[in-house]
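Have the viewer open and follow along.

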Amino acid sequence: MTEINKCNLAIYPGSFDPITNGHLDLINRGLKLFDHIVIAVAVNPAKTPLFSLEERLDLIKESLKDYPLRDRLDVDAFEGLLVDYVRKTGAKAILRGLRAVSDFEYEFQMALMNRRLNSDVETFFLMTGMRWIYISSRIIKEVAYAGGCVKGLVPEPVEKKLIEKLRP
Ligand code: PNS
């Protein structure tokens, strides 16, 4: 049988406020399908993130420092429409993670809107690993704010930064 070509490039967009082990798991899964992934941090003036854009980018880069497939990843920021950014990079694929049914409605809405805005781009959903199914950036921040331990749920640089920021 002829070998089926892999798609080359996928954009993995998100707020990454902050990056979690669930995100890292998804990146690892994505690299089994795509040769290259750009982790694209959204600049959303309507949201007030805990971490600034620079902090979020730095935390992603630090978290990937020792990752063996690092050369197949880029970390970037984008502002405005995701599909416009995707078009600029030449990618045809958006990568998103699905944890549970609760994610589905929001993701479905976004994927269809993105398709309406640019029908050349497809969204690929991958299931997050079972270990991370209950993890989100929001719940990590909530636990950290309240003094709970998030060790093992986020990369070490994120854990350190959360402690620094929330318990000065
Ligand atoms: O990690 P998040 O917050 O779930 O990521 C959401 C994100 C950044 C992927 C989404 O809000 C987005 O794509 N924002 C860019 C603006 C845009 O293109 N909106 C239309 C898509 S519905």
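## Two helices side by side

Let's start with a helix pair: the axes of α2 (residues 53-63) and α6 (residues 156-166) come within 9 Å and cross at roughly 145°. Those axes are lines fitted to C-alpha atoms, for helices over the stretch in contact, and the angles run from 0 to 180 degrees between N-to-C directions. On the α2 side the contact is made by Glu55, Leu59, Glu62 and Ser63, and on the α6 side by Pro157, Val158, Lys161 and Lys165; contact here means heavy atoms within 4.5 Å. Sorted by type, the residues of this α2 and α6 contact come out as 3 nonpolar, 1 polar and 4 charged. The sorting counts Ala, Val, Leu, Ile, Met, Phe, Trp, Tyr, Cys and Pro as nonpolar, Asp, Glu, Lys and Arg as charged, and the others, Gly among them, as polar.

A word on the ground rules: this is a predicted model, where local features need pLDDT of at least 70 and side-chain atom pairs count only at pLDDT 80 or more, while totals for chains, interfaces and linings use all residues. Residues are numbered from 1 along each chain as its sequence is written, and side-chain values use heavy atoms, with hydrogens and water left out. Helices (H or I, at least four residues) and strands (E, at least two) are DSSP runs, numbered from the N terminus.

Why is β2 (residues 34-43) described as largely enclosed by the rest of the structure? Because 7 of its 10 residues are buried, where buried means under 20% relative accessible area, exposed over 50%, and partly exposed in between (1.4 Å probe, protein chains only).

Next, look at β3 (residues 73-79), which pairs with β2 in the parallel sense over 7 bridges; two strands pair if DSSP finds at least two bridges between them. Going residue by residue, Ala40 has Asp76 of β3 as its bridge partner, and Ala42 has Phe78. Together, β2, α2 and β3 make a right-handed β-α-β unit. Right-handed means that, with the strands pointing away from the viewer, the path from the first strand over the helix to the second runs clockwise.

## Ala10 and Ala93

Ala10 sits in strand β1 and is buried, at a relative accessible area of 0%. It touches Phe34, His36, Ile37, Val38, Ala93 and Leu95, leaving out residues up to four places away in sequence.

Phe34 is 59 residues from Ala93 in sequence and 9.3 Å away in space, C-alpha to C-alpha.

## From β4 to β5

Strands β4 and β5 (residues 122-127) pair in the parallel sense over 6 bridges. Leu98 is bridged to Met127 in β5. To get from β4 to β5 the chain passes through helix α4 (residues 101-117), and this β-α-β crossover is right-handed.

The loop between β1 (7-14) and α1 holds Pro18, and the peptide bond from Asp17 to Pro18 is cis, with omega near 0°. Phe16 lies in the loop between β1 and α1 as well. Its phi is near 50°, a positive value in a residue other than glycine, and Phe16 is buried, at 2% relative accessible area.

Helix α1 (residues 21-30) includes Asn21. Is Asn21 buried or exposed? At 14% relative accessibility, Asn21 counts as buried. Leaving out residues up to four places away in sequence, Asn21 touches Trp132, Gly152, Leu153, Val154 and Pro155.

## The buried side of α5

Which residues of α5 (residues 137-145) are buried? Ser137, Ile140, Lys141 and Ala144 are. They cover an arc of only 95° around the axis, so they lie on the same side of α5; the arc is that of the directions from the helix axis to the C-beta atoms. These buried residues of α5 pack against α1 and α6. Just after α5, Gly147 takes a positive phi of about 90°.
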